[in-house]
Amino acid sequence: MAAPTVNVLVSDTALAVGETSLVTFTFSEAVLDFTNADLTVANGSLSVVSSADGGITWTATLTPTADIADATNLITVDNTGVTDGIGTPGVGTTDSNNYAIDTARPTATLVVADTALAAGETSLVTITFSEAVTGFTNADLTIANGSLSAVSSADGGITWTATLTPTAAITDTTNLITLDNTGVADAAGNAGTGTTDSNNYAIDTTVAPPPPQPGTPTEAADIITVPDNGGSVSAGGGDDQVTGGLSNDFVQGNVGADTLSGGAGSDTVLGGRDNDLVQGNVGSDTVYGDLGDDIVRGGKDGDLVQGNAGADLVFGDLGNDSVRGGQGDDQVFGGGGDDFISGDLGNDTVSGGDGADLFHIFGEAGLDLVIDFDAAEGDRVLLDAGAEYSVAQVGGDTVVTLTGGGRMVLQGVQLSTLTDGWILGG
């Protein structure tokens, strides 16, 4: 008897992602014992073969392997695994018709050629796909801090190029171009999946401002001299040196540890933030340390000098000055001349220096230590009008205590030596 033979037909001979094909095995006569073990399937898997006509015609479903591109594939039947009704086995092998598989989705790499872009610069961007694609446009791209010219290909859709122009006035060290792979497809219709990022590129398109005119404050450490015809300077950031001219000037240190001098004329000099050296110099000046722990000097002539916030070192220097410590624990010195001296808030150390000085104390002032009170020289203690107080000898010192907690200690002064009129107000 003749051995059984078979014809194998794959219906869909071009399989892409998501597709399957019917496979039909038609034997020359009914056979027994035909199973998937008798089959070799190239780049795919086959469902269990079955027959509905007694063993002549058998069918199954072919599912291609994922991520494969192969144009030559066969299903091979080992005929020796089957027998006909009288036990005659098949002989040799039989191949199906050829079928092509393309289940590989297109992938891409994105390269930004210039990875450090400054103002006025552009960069070539190259997008290289694993195979030729269609449907690729700029709509598939997200560009960080920049814009891209229209993508184009000169090799049939594998390599695409465009020009990246960075956004103006941007400083950002971390930027990517991102491709939405689902927007492209290969010749088999397989769409990409997910997203792909380019290499990182940095952008600094912030244009530096022109250099300031001489004498213009900046955020750096400036050296500024006010013109002799007078002016107003707020020094800005940095540790600045500002000197006034011959006229009446307004000088402010602002941020930084500044050195400020009013120069000649009746000047207003403010230290600003941080720890400053502030001086009025010649003329009747108004001088404030402001914030920070400052050194504040009035200079010559009659000045208004105040440390303000912080633990300040305050000098009236020459002239009849009004000298105040301000907030914080200050050291306050009147210097030469007949001065008004107040430690103000905080626990202060106070010295009048030469001249007939007036030492001021009030109820909430804290503890002021006067180290050189000399009634014979004309020094006096001044209280606010209506202030309630008491005076006592404490050790070697005379102590004035006010309702509200303020105290003034006249160091080394015996109460018994003080004559009428040494304390005023109250």
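Modeller: Two residues are in contact when their heavy atoms lie within 4.5 Å. This is a predicted model, in which local features need pLDDT of at least 70, side-chain atom pairs count only at pLDDT 80 or more, and totals for chains, interfaces and linings use all residues. Residues are numbered from 1 along each chain as its sequence is written, and side-chain values use heavy atoms, with hydrogens and water left out.

Biologist: Which residues does L415 contact, leaving aside its neighbours within four places in sequence?

Modeller: L415 is in contact with V391, A392, Q393, T398 and W422, once neighbours within four places in sequence are set aside. L415 and A392 are 23 residues apart in sequence, yet their C-alpha atoms are 7.4 Å apart in space. L415 is placed in the loop between strand 43 (407-410) and strand 44 (423-424); a strand here is a DSSP run of E with at least two residues, and a helix is a run of H or I with at least four, both numbered from the N terminus.

Biologist: Why is L415 called partly exposed?

Modeller: The relative accessible area of L415 is 27%. Buried means under 20%, exposed means over 50%, and partly exposed is what lies in between, with a 1.4 Å probe and protein chains only. The value of L415 falls in between, and therefore L415 counts as partly exposed.

Biologist: How many helices and strands does the protein chain have?

Modeller: The protein chain has 44 strands and zero helices. Of its 426 residues, 38% are buried. Among contacts with a separation of 6 or more, 37% are between residues 24 or more positions apart. The chain exposes about 19,200 Å², of which carbon and sulfur atoms supply 54%; accessible areas come from the Shrake-Rupley method with a 1.4 Å probe, and for residues only the protein chains shown count as cover.

Biologist: What makes L164 buried?

Modeller: L164 has a relative accessibility of 0%, which is under the limit of 20%, so L164 counts as buried. L164 belongs to strand 18 (residues 159-166). Its contacts beyond four places in sequence include V112, L117, I143, L148, I177 and Y201.

Biologist: Why is S198 called buried?

Modeller: S198 has a relative accessible area of 7%, under the limit of 20%, and therefore counts as buried. S198 lies in the loop between strand 21 (195-197) and strand 22 (202-204). Not counting residues up to four places away in sequence, S198 touches L110, V112, L176 and I177.

Biologist: How do you know that R324 forms a salt bridge with D344?

Modeller: The closest N and O atoms of R324 and D344 are 2.8 Å apart. A salt bridge is a side-chain nitrogen of Lys or Arg within 4 Å of a carboxyl oxygen of Asp or Glu, so this pair meets the rule. R324 is in strand 34 (residues 322-324) and D344 is in the loop between strand 36 (340-342) and strand 37 (348-351), so the pair ties together parts 20 residues apart in sequence. By this rule the count comes to one salt bridge. At 24% relative accessibility R324 is partly exposed, whereas D344, at 7%, is buried.

Biologist: What sets D67 apart in its phi?

Modeller: D67 has a positive phi of about 60° although it is not a glycine. D67 lies in the loop between strand 7 (57-64) and strand 8 (69-70). Its relative accessibility is 58%, over the limit of 50%, so D67 counts as exposed.

Biologist: Where does A169 lie?

Modeller: A169 lies in the loop between strand 18 and strand 19 (171-172). Its phi is near 60°, a positive value in a residue other than glycine. A169 is exposed, with a relative accessible area of 58%.
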